[in-house]
Protein chains: 2
Amino acid sequence: MAGEQSASTFVDVPGESEELQRRHGAEVVGVTELGTTAEPTLPGVDQGSETTSEYTRAEVRIAYPVENVGVSVPHLRTTVAGNVFEMQPLSGVRLMDIDVPAAYGSECPTPQFGVEGTRELIGVHDRPIIGTIIKPSVGLSPDETASLVETLVEAGVDFIKDDELIADPPYSRFEDRVEAVMSVIDDHADETGKRVMYAFNVTGSVEEMRRRHDVVKEAGGTCVMVSLNSVGLVGVLALRQHSDLPIHGHRNGWGALSRCPQLGFEYTAYQKLWRLVGVDHLHVNGLRNKFTESDESVVASAQAVQRPIPGDDGILPVFSSGQWADQAHDTYAALGNVDLMYLAGGGIMGHPDGPAGGVDALKQGWEAAMADVPLAEYAEDHEALRRSMEAFGTDE
Amino acid sequence: MAGEQSASTFVDVPGESEELQRRHGAEVVGVTELGTTAEPTLPGVDQGSETTSEYTRAEVRIAYPVENVGVSVPHLRTTVAGNVFEMQPLSGVRLMDIDVPAAYGSECPTPQFGVEGTRELIGVHDRPIIGTIIKPSVGLSPDETASLVETLVEAGVDFIKDDELIADPPYSRFEDRVEAVMSVIDDHADETGKRVMYAFNVTGSVEEMRRRHDVVKEAGGTCVMVSLNSVGLVGVLALRQHSDLPIHGHRNGWGALSRCPQLGFEYTAYQKLWRLVGVDHLHVNGLRNKFTESDESVVASAQAVQRPIPGDDGILPVFSSGQWADQAHDTYAALGNVDLMYLAGGGIMGHPDGPAGGVDALKQGWEAAMADVPLAEYAEDHEALRRSMEAFGTDE
């Protein structure tokens, strides 16, 4: 891996081959064997004369000369996560983590708002940012969307996001949706002093994303959302270089890179690339989610998103999928802090007393978690939480 | 899948739910069962009450309303290849193909040069474009690179590319490399009338890619290369919108999306996304390659790249990895044409008579394939090919 992805030569080049190897060759700095398996994980493996009925797994640490890469996030990706996935001697390969030098922190744009900047814009401190997603995902007109937003802001949410499946379709033009939604958010802010953050999905070409960002900003909006894998590192970078708003990073498509346990990326590694191009909020799924990810993986992802890297001191992990008050205790126990977004769909809209009950129940669940009081006990004198447990508790 | 990725509602929305479903719901238009397996392919599967010891595989065709997506390649990706990979009821899911409506062909930028435009620039018709890759991948100074280019153009190659591992490092600044390389290519063109195409790796931010494109163009260069997965769809689109040169698409990182057979993408689907943002040449690996991909998959990929889609009539598949004259017959038999790039590293540099022998041998191998004469027979009166078979034939 170190050779293939750096200065390994298969032909003689006139002159300084050894010098070149010394300066530009990547170095294996550690190998921790993790046992053997009888079967190769993935097809295509060929270990040549070393063919065996046993395949050794190992954690390998490789150091690349920064001089090979320079400070370039896309080129970093090619170097550490390029052809390596298809190397014949490996029956599987997964990028577990990346450490970047301090120069990446000072030269990359990095997140502009992060935890504190986002909290400041919403005006919520000392608890998770409670949010939700517009559903149905597609099909609502701008006015229908705004009407749903009205219900949600009145229910007390801090944050709302477009579903990733809506961007700029003919039936809900981006500009029209922003105008309709921001009118509701403005009115609510005028009445209550609270400006709910709405993440508008700007996913599109560079010009489209930048223009849509400007539309949001001019309308008084406070967040833009982008589908990271659809746009790519350089697209997000171009948005960030132009942006005056927090960038909400949606990771749809992530499953293709991660679901096979011995291939692709661990989120610990992957999320760093997006922070280095300036994303402020990163989706991490949620405990007991409706997708295929294990709780262990969700926790590791969220912890990684909160951990400092060159350029930022940790950003906001976004929990969603099947979330309600139920997961507050375990989420809090895993992170030891409340610097996160906690998004619920059914947990808010499906509450027996309506969305306001749903939002209250979520807040009460988190109060219980932070006070270290069992949910059932806290529910005794917290009506919304109690009703929420009656409605959703049977899922357990 | 159709519901999750379109208008499926898990809560009642006031008013026209049925109308919304009718207009915006994706439709399953075909299911072909492919047998059952006893084990789930990937972890995380939960089929609820239908839990069974048997998992059914099927090819499923889903039609999405174009109104949900509009004409947007990144948003198309979110719609057809977003959260679907992590759906609990599926023990594996792979995007096999995508059909896009004609509007994508007329509204997307699409490839600017393709097969004929590239052939025109190089001046090679009626046979494959024979090329090679600068090695070692990293570490050569601009002058050392230029010196190697001199050897290669004198050997008779049509095309040379930067390795994907070099972009703009401190020891070989992009501008300096272009200047040094183009000086050699210019001199060769002046002497012989043949302008060899060099694909300079412009991978970087939008501004960097566009500026580097201009540097190449102003120096008389005829191609730019980009690491597709590192840059992303929107980055490539931004380059294409600015570009006056063919875009050579390198797919490093592709293994992470494809090597698990029941996850991610089939290249048949994936390559279309890149053509819709304007890539002219797409890597497809090669027969009997040094990576993990099967010959069957390589052939399917190359055929897909040559097949028309809205916006282009097929572009150039780029064969590389362990290629020499040996694979010419089988490659020609699989495609039935010579509209391809055929890149060899060791097959050129490692030829016993030097690079000129290597290039001659490749050309002779393709002459034999096109004339339907067995390689060994053609080698009888073609020295370079014969020597090449003596040197590399033992690999078989």
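Which residue in strand 8 of chain B does V224(B) stand opposite? The close-ups below, all taken from a predicted model, begin with that pair.

**View 1. Strands 7 and 8 of chain B pair side by side.** V224(B) stands opposite I247(B) of strand 8. Strand 7 (residues 223–227) and strand 8 (residues 247–250) of chain B run parallel and are joined by 4 bridges.

**View 2. Chain B holds a closed barrel of 8 strands.** Follow the strands in the order 4-5-6-7-8-10-11-12, with parallel pairing. On average, neighbouring strands of this sheet are turned by 25 degrees against each other, direction ignored.

**View 3. Strand 4 of chain B is largely enclosed by the rest of the structure, because 5 of its 5 residues are buried.** Here you can look at both covered faces: I129(B), G131(B) and I133(B) lie on one side, with I130(B) and T132(B) on the other.

**View 4. Strand 4 of chain B has parallel partners in strand 12 and strand 5.** With helix 6 (residues 142–155), strands 4 and 5 of chain B make a right-handed β-α-β unit.

**View 5. Helices 16 and 18 of chain A are roughly perpendicular to each other.** The axes of helix 16 (residues 355–371) and helix 18 (residues 383–392) of chain A come within 7 Å and cross at roughly 100 degrees. Among the contact residues are G357(A) and D360(A) of helix 16, and E383(A) and L385(A) of helix 18. By class, the contact has 3 nonpolar, 4 polar and 2 charged residues.

Technical notes. Residues numbered from 1 in each chain as written. Chains lettered and ligands numbered in written order. Predicted model: local features only at pLDDT ≥ 70, side-chain atom pairs only at ≥ 80, totals over all residues. Heavy atoms only, no water. Pairing = 2+ DSSP bridges. Helix = DSSP H or I, 4+ residues; strand = E, 2+ residues; numbered from the N terminus. Axes fitted to C-alpha atoms, helices over the stretch in contact; angles between N-to-C directions. Parallel < 35°, antiparallel > 145°, perpendicular 65-115°, else oblique. Contact = heavy atoms within 4.5 Å. Nonpolar A, V, L, I, M, F, W, Y, C, P; charged D, E, K, R; others polar. Buried < 20%, exposed > 50% of the residue type's maximum accessible area, 1.4 Å probe, protein only. Right-handed = clockwise from strand over helix to strand, strands pointing away.
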